[in-house]
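User: I would like to go through the terms used for a protein model. Please set each value against its cut-off.

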Amino acid sequence: TLDRSSAASDVYKRQHQPSLAVESRPRLAHLIARPWAMGHGAKTMGDSDQGRGTRAIAARLLFVLGVAFVGVAIGGIHTEALALSMGLFLAAFALSYLPRSARPFGPKSSATLLVGVGIGLCAFTALTTLPLPARVVSTLAPANGDVWARALRGFGEDGPSWTTLSLDPTATRIEVLRGILYLLVFLTAHRFTQSQGGTELLERVVVGVALFMAVASILHPVVG
């Protein structure tokens, strides 16, 4: 009985072993080739995704740090804090819109309209700091031209021949810088909304900044 069972088992193996070998060859080749292919894919795609993820994290971190200074930079007169915030937001903006890291991005028409209006306002404000002949300033803004004409009267001299539409060009340039900062914040935040978790991050930033400003307002009279 044992000899018959052994012989039957040998016959079965001989009949089915070739088909099993034929079926196993492509599977074996696939299993061998798959890690190699995945390794190459991980090297090209993985590094890209990892680099993209690193840049995204860095952009978000810089954005949060920039927002931490916004209350001081925009609400106060500290130009140094404004410049620091500008640098942080500029770096976050650049990391968010890098060609290699940027995913397909389609801004909404309303966002495009807001950006266009913001750029226009910044450009118009910047134009008021450009030097113009005094006659041109007097024609465009008679009140400002009159102020410039009488600016040096206390020294017994006539007003400058070249003036600006703005009565304080330095302060106006700072306002232009603030306007550019607003645009960078909006564009970077709008970019975050297109990525996973970006909207939640912005919500937490808004709540956190509100709490921070509330605590700072309470402690400011106490600390001085």
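Analyst: The turns below take the terms one by one. This is a predicted model, in which local features need pLDDT of at least 70 and side-chain atom pairs count only at pLDDT 80 or more, while totals for chains, interfaces and linings use all residues. Residues are numbered from 1 along each chain as its sequence is written, and side-chain values use heavy atoms, with hydrogens and water left out.

User: How many helices and strands are there, and what makes a run count as one?

Analyst: The protein has 7 helices and 2 strands. Both are DSSP runs, numbered from the N terminus: helices are H or I with at least four residues, strands are E with at least two. Starting at the N terminus, the order is α-α-α-β-α-α-β-α-α.

User: Why is Thr-188 called buried?

Analyst: Buried means under 20% relative accessible area, exposed means over 50%, and partly exposed lies in between (1.4 Å probe, protein chains only). Thr-188 has 0% relative accessibility, so it counts as buried. This residue is in helix H6. Across the protein, buried residues are 21% of the 224 residues.

User: What is Thr-188 in contact with, leaving aside its neighbours within four places in sequence?

Analyst: Contact means heavy atoms within 4.5 Å. With those neighbours left aside, Thr-188 is in contact with Phe-63, Phe-89, Ala-92, Phe-93 and Ser-96. A polar atom of the Thr-188 side chain also lies 2.7 Å from the backbone oxygen of Leu-184. A polar contact is a pair of N or O atoms within 3.5 Å; within protein, one must be able to donate a hydrogen and the other to accept it, and residues adjacent in sequence count only if both atoms are side-chain atoms.

User: What makes a group of residues a nonpolar core, and which members of the largest one touch the most others?

Analyst: A nonpolar core is a set of buried Ala, Val, Leu, Ile, Met, Phe, Trp, Tyr and Cys residues joined through side-chain atoms within 4.5 Å. The largest has 16 residues, and Phe-63, Val-67, Phe-89, Leu-181, Phe-192, Leu-202 and Val-205 touch the most other members. Helices H1 (2–75), H2 (79–96), H6 (169–192) and H7 (198–223) each supply at least two residues of this core. H2 gives the most, with 5 residues. Apart from neighbours within four places in sequence, Leu-202 is in contact with Phe-63, Ala-189, Phe-192 and Thr-193.

User: How do you know that Glu-175 and Arg-178 meet in a salt bridge?

Analyst: A salt bridge is a side-chain nitrogen of Lys or Arg within 4 Å of a carboxyl oxygen of Asp or Glu. For Glu-175 and Arg-178 the N to O distance is 2.7 Å, and their side chains meet in a salt bridge. The two are 3 residues apart in helix H6, so about one helical turn separates them. Glu-175 is partly exposed because its relative accessible area is 43%, whereas Arg-178 counts as buried at 10%.

User: How many salt bridges are there in the structure?

Analyst: The structure holds 2. Asp-146 and Arg-150 also meet in one through their side chains, at 2.9 Å from N to O. Asp-146 is partly exposed at 38%, and Arg-150 is partly exposed at 39%.

User: Is Val-222 buried or exposed?

Analyst: Val-222 has 68% relative accessibility, so it counts as exposed. The residue is in helix H7.

User: Where is Ser-195 found, and why is it called partly exposed?

Analyst: Ser-195 is in the loop between H6 and H7. Its relative accessible area is 32%, so Ser-195 is partly exposed.
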